[in-house]
Amino acid sequence: MSSEAQRVLIRSAGGLDRLELAPAEAPPPQAGEVRIAVEAAGVNYADTIVRRGLYASAKELVGWPITPGFEVAGRIEDVGPGVEGFAPGDRVFGLTLFGGYTQRLTLPADQVFHLPDSLSMAQGAAILVVWLTAWYALFELAHPRPGQTLLVHSAAGGAGGSIVQLGKLAGCRVVGIVGRAEKVAEARALGADEVICKATDDLWAKAKALAPQGYDVVLDATGVETLKESYAHLRRPGKLVVYGFASMMPKGGRTNWLKLIAGVLRTPRFHPLKMTNLSSSVMAFNLSYLFDQKEILMDGVRQLLGWLAEGKLQVPTVSEFALSQVGEAHAAIESGRTVGKLVLVSPR
Ligand SMILES: NC(=O)c1ccc[n+]([C@@H]2O[C@H](COP(=O)([O-])OP(=O)(O)OC[C@H]3O[C@@H](n4cnc5c(N)ncnc54)[C@H](OP(=O)(O)O)[C@@H]3O)[C@@H](O)[C@H]2O)c1
């Protein structure tokens, strides 16, 4: 690979204009590391919150400047001492704690996996974060039983769509919620048994009609806009899994600090005494704080790649953007209009 490799750099918090291209620096791999010539980088909604300077783990672990991105696919360029199983030229994909929007990246080898021949580079960069998010929410936290009913917000998106798929794999009845009518087909294609469209349906009236006894599990990354009702629509016993707060953010444009502060203040508090009597649990997680839980995450990766090999999981719909179009990719995922995954590609 030429020495002109580039990466996306954000020097300070703000809008799309903060996304600039800069030379990519990836040190030679040390013991236990590999260097990857990156050909595709997954875009996650969280990356836009990183850009806005509101993502806690980015501020704690990296600060400014920062290159966002949690996942890449590419080819092995160099292998550090002691690394077995990888050789230059191998097609791989992997997880990274930030830094993924780049054309060259050095990573611990245990965060890197061989890319199945059936997947393109863009598909490889599209699955690890959303599938692991869905796996962790369902199989580490909620443990749904076959036959139980799940309510899944943003069911045509990256993480939500993956929860729909894994929920069906777990034998559950899945009710998906989407924000726009054109997303209904995507949620159904992923396996949702019923889809509620917030633009055309009365969300909570329909949710009640579809599960009069309530939902065994509700999976909510919308946040303040829906959390109170998500909890109110649990059955007894029921579990609310919280993993994002998109509704505090604008659908494009500048951060609205008044909306953000109002959102924080309006976020419901759940009382342990009432929760106990209702047998209703609230669980939450952020994968970016779980990178040291490698045993758990690797269990997830093994299981997910096994399901992929058995044809039980379908790769999300992927929309590709050149690395230089990173602003368009951020604008798209912030707009609330996208389905599936967005990926930045740097083909060789
Ligand atoms: N905790 C974790 O470890 C973790 C990991 C991955 C993702 N997440 C969270 O999961 C959510 C989805 O992430 P993703 O990367 O898969 O993105 P995505 O679902 O593909 O795209 C974001 C979706 O969120 C909804 N949305 C966006 N802005 C909104 C707003 N202002 N108000 C209400 N809804 C809005 C829209 O879907 P609808 O209108 O159809 O609902 C939009 O399409 C995000 O909140 C993200 O932070 C958390």
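Mentor: The open sheet has six strands in the order 10-9-8-11-12-13, and their pairing is parallel. Strands (E, at least two residues) and helices (H or I, at least four residues) are DSSP runs, numbered from the N terminus. Two strands pair if DSSP finds at least two bridges between them. The model is predicted, so local features need pLDDT of at least 70 and side-chain atom pairs count only at pLDDT 80 or more, while totals for chains, interfaces and linings use all residues. Residues are numbered from 1 along each chain as its sequence is written, and side-chain values use heavy atoms, with hydrogens and water left out.

At the edges of the sheet are strand 10 (194-197) and strand 13 (280-284), each pairing on one side only. Neighbouring strands are turned by 15° against each other on average, direction ignored. Such angles run from 0 to 180 degrees between N-to-C directions, with axes as lines fitted to C-alpha atoms, for helices over the stretch in contact.

Within the sheet, strand 8 (residues 149-152) pairs with strand 11 (residues 215-220) in the parallel sense, over three bridges. Leu151 stands opposite Val218 in strand 11. Helix 4 (residues 128-142) lies across strand 8, strand 11, strand 12 (234-242) and strand 13, and runs at about 135° to strand 12.

Next come the aromatic rings. Rings of Phe, Tyr and Trp (its six-membered ring) pair if their centres lie within 6.5 Å; planes under 30 degrees apart count as stacked, over 60 as edge-to-face and the rest as tilted. The structure holds eight aromatic pairs. One of them is the tilted pair of Tyr231 and Phe270, at 4.6 Å centre to centre with 45° between the planes. Tyr231 lies in helix 8 (residues 227-232) and Phe270 in the loop between helix 9 (257-266) and helix 10 (272-278), so this pair ties together parts 39 residues apart in sequence. Tyr231 counts as buried, at 16% relative accessibility, whereas Phe270 counts as partly exposed, at 24%. Buried means under 20% relative accessible area, exposed over 50% and partly exposed in between (1.4 Å probe, protein chains only).

The rings of Tyr243 and Phe285 have centres 6.0 Å apart and planes at 15°, so they are stacked. Tyr243 is in the loop between strand 12 and helix 9, and Phe285 is in the loop between strand 13 and helix 11 (294-309), 42 residues apart. Both Tyr243 and Phe285 are buried.

Note on methods: Contact = heavy atoms within 4.5 Å.
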